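Here is my note on the model, in numbered points. Please read it with the structure open.

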Amino acid sequence: MAPVSERAPDAAAVERAVAVLRSRLDARTAAFLSSCVRCGLCADTCHVFLADGEAESAPAAKVERLGRLFRRHHTVLGRLTPGFVGARDLDQDALAALATAAFGRCTMCGRCALNCSVGLDPAAIVRFARTMLGAAGLVPKGIRANADLALATGNNMGISREDVLETVAWLEQDLRDTLRDRSAAMPVDRAGARALYALNPREVKFFPLSLSAAGAIFHAAGESWTLTSTDFDITNYGYFAADAAEARAIAERLVARAQALGVEELIVAECGHGYRVLRWEVPEWLGRPLPFRVRSFVEVMAEYLAEGRIRLDPARNAARVTLHDPCNLVRNGGVVEEQRVLLRAAAADFVEMTPNRADNYCCGGGGGMLAASEHAAKRVEAGRIKADQIRATGAKEVASPCHNCIDQLMELNKAYQLGVEIRTLAEIVADALVLPGATDR
Amino acid sequence: MSVGLSLPAIVLIVASVLSLVGFFAIRVRLGAIPPAIAPARGRAGAGIAYAFTVAFAPWAKESASRHLPSYVAGIAVHLGVFAALARLALSVVGATPPRLVGGVLALVFCAGLACGLALLVKRAADPRLRAISVPEDFFANALVDAVLAAGLVATLRPGALPAFQILGAALIAYAPLGKIRHMLLLLTARRALGATLGRRGVRPQARRDSGARV
């Protein structure tokens with residue numbers, strides 16, 4: 001049996017999508033859909049359009065894919081004179097085209113929203129389109145599989161508790177050896193710790209260096225912290241699928257785990273969408289504020305630096321380094337300056353790419369695109385804008401406080417022969433740590 | 001000021017009432033946007049204020065800074081529409097603007113009309129823009145242009161005022177039905193996005209360091 005995303009939509013799928021459009025359209029998205037004047041001035045604010053130059057990649061074109069359906073079902077003229085206002089019924093072809101627009105041409109990075117002449121949010125419209133597509137069974141199979149695995153096992157890679165404990169045990173030993181300090185620890189499941197450090201599963205499986213870097217920084221700052229061996233996953237592929245119930249169910253596991261450990265704060269490892277979901281979206285889904293504070297590890301590290309709890313020597317990172325701004329952390333999350341403060345203190349030659357901060361371009365791997373293998377070619381093509389930005393800085397290293405972006409940047413590094421090293425912020429900060437009097441205790 | 005209302009003025013009033021009812025129905029159907037729950041990092045109010053002030057500046061968004069002719073044309077058309085609505089409101093009570101104001105109005109109508117026609121030509125000529133256009137885009141633009149033209153003529157020749165009023169009534173009555181509805185719904189849209197960006201501390205933000213091409 002073919003995965004759902006590879007099957008052509010059938011009539012029942014069309015009906016399910018229409019039912020979502022009729023019954024679940026929220027006021028905010030409806031206001032956005034009602035306000036687009038199709039001026040087209042958003043086109044060259046989008047990295048996908050800039051890279052491929054195709055009319056269908058312009059944000060207005062993606063909005064219009066849903067706009068036509070919206071007018072048919074939610075406006076008077078759309079019902080009476082559909083041809084005049086360009087309204088149309090949803091059919092199998094339109095549904096398939098909507099799937100390509102929403103999953104294959106948009107990372108929901110929100111750069112077009114900051115630059116829309118009217119002031120609407122095309123990313124919110126694309127997210128609603130994804131909700132319709134989810135009802136029709138047209139979520140890319142990779143996103144679907146990751147969400148299902150997270151629901152079944154507590155993390156999107158199906159990593160077992162035993163594997164977590166084993167990995168952390170050798171990381172702890174390695175940390176003690178590196179710091180020459182027997183008191184250095186990577187605590188797991190420690191009830192009563194002040195903060196829970198929650199992870200992207202990729203750290204456990206593929207990038208343990210970023211996890212040990214966090215351990216070194218927490219140790220240097222004298223933090224009371226813990227990891228958790230279960231339900232540690234900050235990623236949320238239900239969010240990418242725009243399935244609110246599923247996204248909420250995935251997030252609730254981590255929320256429940258943090259509550260069980262009794263922590264005051266949930267520190268989100270370097271993951272853009274993980275931060276956005278836990279910091280900004282989960283309280284809305286649950287209908288209540290979370291009983292603990294949620295911050296990105298980037299914010300926490302910057303606070304350690306400001307309070308003098310860690311000291312950094314920039315000479316230990318001599319290579320020129322530039323910074324990629326993850327869309328969900330920066331443009332959609334508001335964590336803008338902290339990473340810059342850290343890099344100025346931890347690297348001798350930090351240069352900004354242009355543009356930067358909230359105006360930075362998406363790497364091309366956001367919105368679940370990395371998991372949507374059917375759109376891989378478009379993803380790498382759309383990354384050309386980011387590759388050009390990096391090359392223009394002359395940097396040898398690229399810092400990115402997001403594991404999702406790091407995966408995409410590593411691929412761009414090969415595809416566009418950039419010859420740079422891609423690193424998390426924690427790795428750069430950990431390399432610059434000045435540790436007083438480390439001894440074998 | 002005349003004592004009785006002319007027929008075109010009555011038509012204008014009826015059209016305005018219908019328009020208000022239409023917009024009210026849309027707003028009711030839209031429903032309320034629930035208040036945000038996550039603790040704020042910035043201020044929603046600051047984001048909303050930004051959305052309705054600085055964000056309109058030509059340097060604030062790439063849609064303006066990279067497309068200055070279109071931005072200027074859009075501003076001119078909208079100024080023309082606002083001037084037309086003001087002139088129509090005055091006409092209902094039979095007031096005539098002083099000569100100097102009339103001269104300014106004529107200039108505003110003239111600029112708005114020229115820019116409206118230019119945008120119409122752009123929509124028809126640009127393949128990318130044509131690809132996302134629908135017949136109503138051309139109709140709405142033409143309707144606005146017709147009102148601006150009538151406003152210009154009525155300013156220069158007062159005898160044409162009834163025609164201006166009738167065309168104005170058509171525009172006002174049509175507004176809730178088609179794309180011109182953005183004139184009110186953008187207030188909701190802009191407020192919603194401004195509040196989100198403000199709460200998250202994304203906007204307002206000093207842009208001088210961002211390197212954005214302006």
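1. Start with the layout of chain A. This is a predicted model. Chain A falls into two domains: domain 1 covers 4-138, and domain 2 covers 314-432. Their C-alpha centres are 29 Å apart.

2. Next, the contact between these two domains. Domain 1 of chain A puts in 16 residues, and domain 2 of chain A puts in 18 residues.

3. Which elements of domain 1 of chain A give two or more residues to the side that touches domain 2 of chain A? They are α3 (47-52), α7 (92-104) and α8 (111-115) of chain A. α3(A) gives the most, with five residues.

4. On the side of domain 1 of chain A that touches domain 2 of chain A, eight residues are nonpolar, five are polar and three are charged.

5. Now the contact between the chains. Chain B contributes 48 residues and chain A contributes 51 residues.

6. On the side of chain B that touches chain A, four elements of chain B give two or more residues: α3 (62-65), α6 (127-131), α7 (135-156) and α9 (182-199). The largest share comes from α9(B), with eight residues.

7. A remark on interface size. It is often quoted as the accessible area lost when the parts come together. The counts above are residues in contact: 48 from chain B and 51 from chain A between the chains.

How values were computed. Residues numbered from 1 in each chain as written. Chains lettered and ligands numbered in written order. Predicted model: local features only at pLDDT ≥ 70, side-chain atom pairs only at ≥ 80, totals over all residues. Contact = placed C-beta atoms within 7 Å. Domains from an automatic or database assignment. Nonpolar A, V, L, I, M, F, W, Y, C, P; charged D, E, K, R; others polar.
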